[in-house]
Amino acid sequence: MAQTFTSKKKLNKWLKLAIAVAFWLTVWSLASAIVDKELLIPSPVVVARRIGGLLFTGTFWLKTGVSLLRVLGGFLAGCVGGILLSVLASVWDVADAIISPFIRIIRSTPVTSFIILVMLWIGYDFVPVFIAGLLVTPIFYANLREGIDETDRKLLEVAYIYKFGKRKTLKAIYIPSVKPYFVSAAVTSLGLAWKAGIAAEVLCLPSISVGREMYYSKLYLETPDLFAWTVVVVVFSIVFEKIFERMVLKNKKKEVRDNEDN
């Protein structure tokens, strides 16, 4: 019975997704037909053909692969930076006073400003890495700070009474408490890191990158190519988030099984 309910739920989910995709493809097709100028709005069919052509070229996979590595590097750097800053601010009030304004500045400043500034300081190939990491850091910082602050004080008192020690307290209390906040930060920032990294590539034009292809597609008025690369960016962003969500779900199921076995 439960399995049937789950199957119906998945079917409804896929049905809703198919309806949404069909609706927006129809809107896109109508807009393309009304404008009737491929230079402005190419049809979905034209863009699909262009994507198909790109998929069978080695340079496509090279450029997307290099862009992915830059973005993942920035994501990991931002993750580590956010963890270190949140822990430091939680244990030292002076650090909190110093770090908080920096985080607010990052959040309120347009990403384009950071990209232009960073282009003056480091090599263009590393600008997307830096920008992705810079935008990811505040997300991890804010989420982990909240997770640390929301840790059950009664559990901490028990750990103190029974003399758990720092390592055991961290493993038994802090990590389980912070884990949901970490997962939330990771899911949110994965897509953001990808989009920020591509935006940086569009401005700084590294030699091998998706952003460079998007920029030259726009420069030479190759609109179908621009739409095709944009679709690629959107798809990769969604795939990133879904892969991580599945990893998290799989880990949760494993933890549930382990608890039941114990």
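## Loop residues with positive phi

L221 is exposed, at 56% relative accessible area; exposed denotes over 50%, buried under 20%, and partly exposed the range in between (1.4 Å probe, protein chains only). L221 sits in the loop between helix 9 and helix 10, and its phi is positive, about 55°, although the residue is not a glycine. Helices here are DSSP runs (H or I, at least four residues), numbered from the N terminus. In the loop between helix 8 and helix 9 lies L205, a non-glycine residue whose phi is also positive, near 55°.

The model is predicted, with local features requiring pLDDT of at least 70 and side-chain atom pairs counting only at pLDDT 80 or more, whereas totals for chains, interfaces and linings use all residues. Residues are numbered from 1 along each chain as its sequence is written, and side-chain values use heavy atoms, with hydrogens and water left out.

## Nonpolar cores

The largest nonpolar core contains 33 residues, of which F75, F140, W194 and F244 touch the most other members. Such a core is a set of buried Ala, Val, Leu, Ile, Met, Phe, Trp, Tyr and Cys residues joined through side-chain atoms within 4.5 Å. At least two residues each are supplied by helix 2 (44-55), helix 3, helix 6 (127-149), helix 8 (166-204), helix 9 (210-219) and helix 10 (223-261). Helix 8 provides the largest share, 9 residues.

Leaving aside residues up to four places away in sequence, F140 touches F75, G78, C79, G82, F182, A185, A186 and S189, contact being heavy atoms within 4.5 Å. A second, separate core has 12 residues, including I106, I115, I131 and A196.

## Helix 6

Helix 6 is mostly covered, with 18 of its 23 residues buried.

## Nonpolar surface patch

I83, V87, L88, V91, W92, V94 and I98 form a nonpolar patch on the surface, with about 650 Å² of accessible area together. Patch residues have over 30% relative accessible area and no salt bridge; like charges are joined within 9 Å and nonpolar side chains (Val, Leu, Ile, Met, Phe, Trp, Tyr) within 5 Å. A salt bridge is a side-chain nitrogen of Lys or Arg within 4 Å of a carboxyl oxygen of Asp or Glu. Areas follow the Shrake-Rupley method with a 1.4 Å probe; for residues, only the protein chains shown count as cover.

Helix 3 (58-91) and helix 4 (93-108) are the elements giving two or more residues to the patch, and helix 3 gives the most, with 4. V91, in helix 3, counts as exposed because its relative accessibility is 66%.
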